[in-house]
Amino acid sequence: MSKEKTGLTGAGILLKALQQEGVDVLFGYPGGVLLPMYDALLDSPIRHVLTRHEQGAVFAADGYARVSGKVGVCLATSGPGATNVVTGVANAYLDSIPLVVMTGQVSTSSLGTDSFQEVDIIGITLPITKHSYLVKDPRELPRIIKEAFYIARTGRPGPVLIDLPRDVLAQVNVEPFPSDMKLKGYKVFGRGNNGKIEEVVKALSESRKPVLYAGGGVVTAGAEGVVRQLTEIANLPVVTTLMGIGSLPFGHPNLLGMVGMHGTVTANYAVDDCDLLIAVGVRFDDRVTSGLGHRFATKAKVIHIDIDPVEISKVVKTHIQIVGDARLVLEEMLDVLPGFTVPLVADWWKQLRVWKNDHSLSYDLDRLTPQMVIEGVGKFADENTIITTDVGQHQMWVAQCYPTVNPRNYATSCGLGAMGYGLPAAVGAQIARPDALVILITGDGSLQMTMQELATMAQNKLPIKIILLNNGVLGMVRQLQKTFCEGRYNQIQLDGNPNFVKIAEAYGILGIQVDSVEQVQSALAAAIKHPGPVLVDFTISPDEAVLPFVPPGNEITDMIVR
Amino acid sequence: MLHTLAVLVENHPGVLIRVAGLFARRGYNIDSLTVCMTEDPDVSRMTIVVNGDEQVIEQVRNQLSKLVIVHTVTDLTAQSVVDRELALVRVEVSAETRSVVLQTVDVFRGRVVDMGRSNITIELTGDIAKIDAFVHAIRPYGLLELVRTGKIAILRSEV
C-alpha cells in the first residue's frame, strides 16, 4: 500500500480537492479497489459515514444535499458497489439534486477485460447523470473534482459521477496539473430576458384569474422569499408540485395546495380555469398534467420560467418563455411590478374560496388515521424540523397534510418515486443538520427496502424519529388494484412483516407501538421528548385511500374525491 | 423535414456515445452522422442529419447543447452551405454492360478506383441528391455493394 510519506497519492490529491470544495462528509462503503482511498481517508479531516448498502450512501448524500443546499458526496466500490448506487443516481437526476458520486474502478490496465468486480458504470449511468468522468491520469484529479462540483451545483443541478480506477488512486508522487476548469461547452443561465419580463408583468397586470405554479426550481434557486413577496403584492393564488412544496409556507392564505394527481380539488380547478398560469421551475410532469399536456390549462396564457432550455415547450405549448434562474427572474418581475396596476382578482378569489370550502381535505376523528398522525407530528415541528418520507400513500398524505414551512426542511423522492429513500435520506439530513429534529414518515413496504440503515442510525447515534404508518400492505398499489382491477389484489399483502418495535429494539432504538386514537398524542410526545432515536409503529387500516385521485389519462378536474 | 446540424464536440473517447445515446433515448431519428477531427485537434465536428418537425429539432438542439462535451450546435438547414457526401459503389459488369456502366460513371463525374474480373468500384462525391441519382441509374446493372459517408457540410463564406 502506498503511503503519503512517499509523496502525494492519487487518493490523497482527490481528498485534498474535495476539501477545497468544502466537503465535510462522505457517505460510503469500502471495497477492494478503494483500499488506497480508505487508507488516505485515515489522514483526512473529511468524515466518512459508513452505510450498510451503497444505495443507502447515495440516498444519504441526496438527503444531505436537499436539506443543506450543498453538494452531497458518496463513494462506492467497483462492480456491485457501483451498480448499487444506480437507483440513487437516477433519483438525483430526476429531482435535479446536486451530487458527486464517486465509484471505484478496476485498474486502467484491466479495463474492458471483464475483470473481477468490473462494470462500465459510466455507460450504465450515461442517461441518468448530468455528466461523468473516467479518470485515467491522477494529475487531472484537481481539475476534474472542481469541474464535477461546479457542474453538479450550477444551472439545473444534478448528479456527476467520477469513476476512479484503483491505480489512479494508488499512484505515488503525483504532481497534479492546475485545477483550472476546461468547460467550453457548459452554459449556465442566470438573469432572464428583460424585454420578456415586462411582457410577463403586463400579462399579470391584465389577468383576472392568475395562478402561480411553483416547482423544484423555486427551491433550488432559493426563490421562496420572492415567491411570497410577489404572491402577496399581486394577491396571487399559488399551487405547487411535490418538488415545490414549501415554496409558500403551509397555511399561507394564498396557497391552494399541491396540483395534479393527488392535488387538492381547488388547485386542480384553479389551474384548469385560470386565464394566466405563471409556471416557475416546473417541467409539467405527467403527475401534474395527467399526461395530457395539450389539455392542460387550456384557457390560460402560459408563462414558463425555467433554468433549463430543454424544458421549454417539451410538454406544454407555452406563450412566453424565460430561461433563467427562478429567483433572479422573479426579482426582475418585482422590480418592474410598481409600473403596472395590480391584477383585479377579487372575483377569482371568491370562486376559489367556494371551491376551497366545498372540497376541503378532511378525515375521521374516531379512528386512527394516517392524516391524524401526520398532523400530530406537525404540531411538534418547529421551523427547523426536517421531514423525510418514503414513497407511496404516506408520501401523498404528508404532501397534503404536513405543515411544511421551508422547502429545505422536506426531502422526498419525487420524479423517480424510489421506495427506500426515506431512512437513508433522514440519516443524511441529520448529519447535515445535527441540531434539527429529523422525522422520517414511512410505510411498512418502503421501510423494508433500506431497513439495514437502522444500523447506520445506531452507529452514528442519530436521534431520528421514525413514524411508521403500518397498514400491512403495499397501500398505493392496493389502492390502484382496487380502482382499476376490480379489487383483484395481487402481491400487495406484506404478511411476513416483522415486529417493527422489536426490530428497532434490536438496534438499540426505542420502539413504541400505537394501535388506537387515544395513544397517538402521548406516543408522539414521548417520541419527540426521547433524546435518542425512536420508531413509532402506528397500525392503520389497509383501506385508507389517498384522495383526491386523478386516474392517469383523466383531465385534472376529473377526480375521484371519495 | 431533414435538418443538418453541425455539432462541435470535445475530441476524446466516450463523446460519440453521449451524443448517440441521447438520440436513441429521446427517440430522435438520425438519418446520418459523420464525425472527425477539425482544424483544432481538441475539437471534433459531427454533421448530423436528423428528421423531425420544428419542435423536435428545437428539442434536439437544446438537448445537444446541454451535453457538457458539446461546444456549439448550428442548424445549417436554412443557410447557404456547401455539402458533400462520398460514396464507394461496387457494380457488376459483364462484356455487354461494361461500356454503358463506364459511360454512366462519366456522366456523374465518378472515378473507377478498383477493377475486378466481373465488377468495378466507383468513387463518387457530390450532394445527396446526386449520389441518390447515380445509385438509381446504376442499380439495374447489378449493385453489389454501397458505402456512403453521410453528409458533411460547411457554411459558405460571405461574399
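**Figure 1. Strand 17 and strand 18 of chain A, paired side by side.** In this predicted model, Leu510(A) sits opposite Val534(A), a residue of strand 18 of chain A. The two strands, strand 17 and strand 18 (residues 534–539) of chain A, run in the parallel sense and are joined over five bridges. Strands of a sheet pair through backbone hydrogen bonds, and the pairing is either parallel or antiparallel.

**Figure 2. The six-stranded sheet of chain A.** The strands of this open sheet follow the order 14-13-15-16-18-17 in chain A, and their pairing is parallel. Which strands stand at the edges? They are strand 14 (410–411) and strand 17 (510–514) of chain A. Each has a single partner strand, so one side of each is left without a neighbour in the sheet.

**Figure 3. Two helices against the sheet of chain A.** Helix 17 (residues 393–401) of chain A lies across strand 13 (386–389), strand 15 (438–443) and strand 16 (465–470) of chain A. Helix 17 of chain A runs at about 135 degrees to strand 15 of chain A. Helix 18 (residues 422–432) of chain A also packs on the sheet, where it touches strand 13, strand 14 and strand 15 of chain A. The direction of helix 18 of chain A makes about 175 degrees with that of strand 15 of chain A.

Figure 4. Asp272(A) belongs to helix 12 (residues 265–273) of chain A. Is Asp272(A) buried or exposed? A residue counts as buried if 20 or more other C-beta atoms lie within 10 Å of its own. Asp272(A) has 20 other C-beta atoms within 10 Å, so it is buried. Apart from neighbours within four places in sequence, the residues in contact with Asp272(A) are Ala297(A), Ile556(A) and Thr557(A). Val427(A) is 155 residues from Asp272(A) along the chain, and the C-alpha atoms of the two are separated by 39 Å.

**Figure 5. Chain A as a setting for the views above.** Chain A has 23 helices and 18 strands. The radius of gyration of chain A is 24 Å, close to the 24 Å that the globule rule gives for 562 residues, so chain A is as compact as a globular protein of that length. Along the principal axes, the C-alpha atoms of chain A fill a box of roughly 75 × 60 × 40 Å. Of the 562 residues of chain A, 55% count as buried. Among contacts in chain A with a separation of 6 or more, 77% join residues 24 or more positions apart.

**Figure 6. Where chain B touches chain A.** The contact involves 13 residues from chain A and 16 residues from chain B. On the side of chain B, helix 1 (15–26), helix 2 (54–66) and strand 4 (70–75) each supply at least two residues. Helix 2 of chain B gives the most, with six residues. By type, this side of chain B divides into four nonpolar, seven polar and five charged residues.

**Figure 7. The two domains of chain B.** Chain B is divided into domain 1 (2–75) and domain 2 (84–152), and the C-alpha centres of these domains lie 30 Å apart. Six residues of domain 1 of chain B are in contact with four residues of domain 2 of chain B. On the domain 1 side, strand 2 (29–37) and strand 3 (43–51) of chain B are the elements that give two or more residues. Strand 2 of chain B provides the largest share, three residues. The residues on this side of domain 1 of chain B comprise two nonpolar, four polar and no charged.

Technical notes: Residues are numbered from 1 along each chain as its sequence is written. Chains are lettered from A and ligands numbered from 1 in the order in which they are written. This is a predicted model: local features need pLDDT of at least 70, side-chain atom pairs count only at pLDDT 80 or more; totals for chains, interfaces and linings use all residues. Domain bounds come from an automatic or database domain assignment. Two residues are in contact if their C-beta atoms, placed from the backbone, lie within 7 Å. Helices (H or I, at least four residues) and strands (E, at least two) are DSSP runs, numbered from the N terminus. Ala, Val, Leu, Ile, Met, Phe, Trp, Tyr, Cys and Pro count as nonpolar, Asp, Glu, Lys and Arg as charged, and the others, Gly among them, as polar. The radius of gyration is taken over C-alpha atoms; the globule rule is 2.2 Å times the number of residues to the power 0.38. A residue is buried if 20 or more other C-beta atoms lie within 10 Å of its own, exposed if 12 or fewer, and partly exposed in between; C-beta atoms are placed from the backbone. Two strands pair if DSSP finds at least two bridges between them. Axes are lines fitted to C-alpha atoms, for helices over the stretch in contact, and angles run from 0 to 180 degrees between N-to-C directions.
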